[in-house]
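Please read the following explanation with the sequence and the structure side by side.

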Amino acid sequence: MSPFAIEKGLAGIGGSPKSVKKLRSGDLLLETNSAIQTKSFLLAKSFLNNPVTVTLHRTLNSCRGVISDNELMKSTEEEILEGLSSQGVTAVKRIFMKKGTTLIATKHVILTFNTTKLPSTVKAGYIYCKTRLYIPNPIRCFKCQRFGHSKTACRGRQTCCKCASVDHLTSDCQSAELLCANCKQPHSSDSKDCPQWKKEKKIQEVRTKQNLSYYEAKKLLFPEQNSMSYSNALKSSISQPSQTDERLTKVIVPPLIKLKPVQPNVLRVKNVSTTKTSTESPSTNSAAQSKIKKHSQNAKQAKASDQWELVKEKKQKAAKLAFWQNGGHITISVPLPFSYKRGLS
């Protein structure tokens, strides 16, 4: 459905709620502004001409605390619930300690309150007990050994808790080596020394203290594991070195030296003679300029003479061509030696 239509439908039932979030299952999680608005949504049977079911959230509308007193060892869970129900307690659960194969009851009792704010104390009969926030242990699936869901909602494959083998029951495991299915370290998946278990414990702590859902607390603590933005992907690709050869990456480059500014008159002198320096006197500069002028005049004269020679050669070739075309005669006088002349006479 269109989000605009959904917003109008919610406003038509009980007014605009405080916040609306879409869960992974497709359901809508509403946070209401008042108890009257809550009752209006709970009485709704249809939404935009479709049947709908509205229920209270299982954990976000309540909080849990722990009380500890030796006097409560003599009372059962039902008796404690009956005595504390007037103070907003909706559920009572005693903590047991496992010793071998037997369970031993402790003096610690978990109380569930019908409010999101935990009271500082409760009155159990004539005893005032201080309450502290209860942080539950991470939820681990007994089927796939992953955290965050239970066995009833699991979609994974059966995994052994001891050796992390797939399609293998823990009760049938004969392996002597332990392997965690979450962190791949040599311990069982239910070990509290597992780094993944400690990470999940932090998620539960933030979820309980800030009254968030599991996925909201996980996204708040570890945002890099939920999504990879374009900027983060670009940073990770730039941080990788493009050269792996040590001969290329370990080249020592000397520092740059700032060059001194050069005056224009020095550049003119260097065009003629590169051996001149910037410390020449004004007289030497004038002499160099006169040499440049003389050199340019000689170049012009040489160029003019070369052009004249080319014109003269072209005229001679044209005269010879015209002579042979007209069929004329020519007299060639050759100077001969004196002795050869006497022989002829």
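Helix H1 and helix H2 cross in a right-handed way. The model is a predicted one. H1 covers residues 3-14 and H2 covers residues 35-42. Their axes come within 8 Å and cross at roughly 110°. An angle from 65 to 115 degrees counts as roughly perpendicular, and H1 and H2 are therefore roughly perpendicular to each other. On the H1 side, the contact is made by Leu10, Ile13 and Gly14. On the H2 side, Gln37, Ser40 and Phe41 take part. Sorted by type, the residues of this contact of H1 with H2 are three nonpolar, three polar and no charged.

Helix H4 spans residues 195-210, and helix H5 spans residues 214-221. These two pack at an angle of about 115°, and their axes are 9 Å apart. H4 and H5 are therefore roughly perpendicular to each other. H4 passes H5 in a right-handed crossing. Which residues of H4 meet H5? They are Glu200, Lys202, Ile203, Gln204, Val206, Arg207 and Gln210. Their partners in H5 are Tyr214, Ala217, Lys218, Leu220 and Leu221. The contact of H4 with H5 contains six nonpolar, two polar and four charged residues.

How many salt bridges does a search of the whole structure find? The search finds four. Lys21 lies in strand S1, residues 19-22, while Glu216 lies in helix H5. The two residues are 195 residues apart, and the pair links distant parts of the chain.

The last topic is annotation. An unreviewed UniProt entry places the feature "domain: CCHC-type" at residues 140-156, 159-175 and 179-196. Over residues 159-175, the chain is 0% helix and 0% strand. The end C-alpha atoms of residues 159-175 are 14 Å apart. Over residues 179-196, the chain is 11% helix and 0% strand. Here the end C-alpha atoms are 13 Å apart.

Terms used:
Residues are numbered from 1 along each chain as its sequence is written. This is a predicted model: local features need pLDDT of at least 70, side-chain atom pairs count only at pLDDT 80 or more; totals for chains, interfaces and linings use all residues. Side-chain values use heavy atoms; hydrogens and water are left out. UniProt positions are given in the numbering used here, feature names are shortened, and annotations may be inferred rather than shown by experiment. Helices (H or I, at least four residues) and strands (E, at least two) are DSSP runs, numbered from the N terminus. Axes are lines fitted to C-alpha atoms, for helices over the stretch in contact, and angles run from 0 to 180 degrees between N-to-C directions. Angles under 35 degrees count as roughly parallel, over 145 as roughly antiparallel, 65 to 115 as roughly perpendicular and the rest as oblique. A crossing is left-handed if the near helix is turned anticlockwise from the far one by less than a right angle, and right-handed if clockwise. Contact means heavy atoms within 4.5 Å. Ala, Val, Leu, Ile, Met, Phe, Trp, Tyr, Cys and Pro count as nonpolar, Asp, Glu, Lys and Arg as charged, and the others, Gly among them, as polar. A salt bridge is a side-chain nitrogen of Lys or Arg within 4 Å of a carboxyl oxygen of Asp or Glu.
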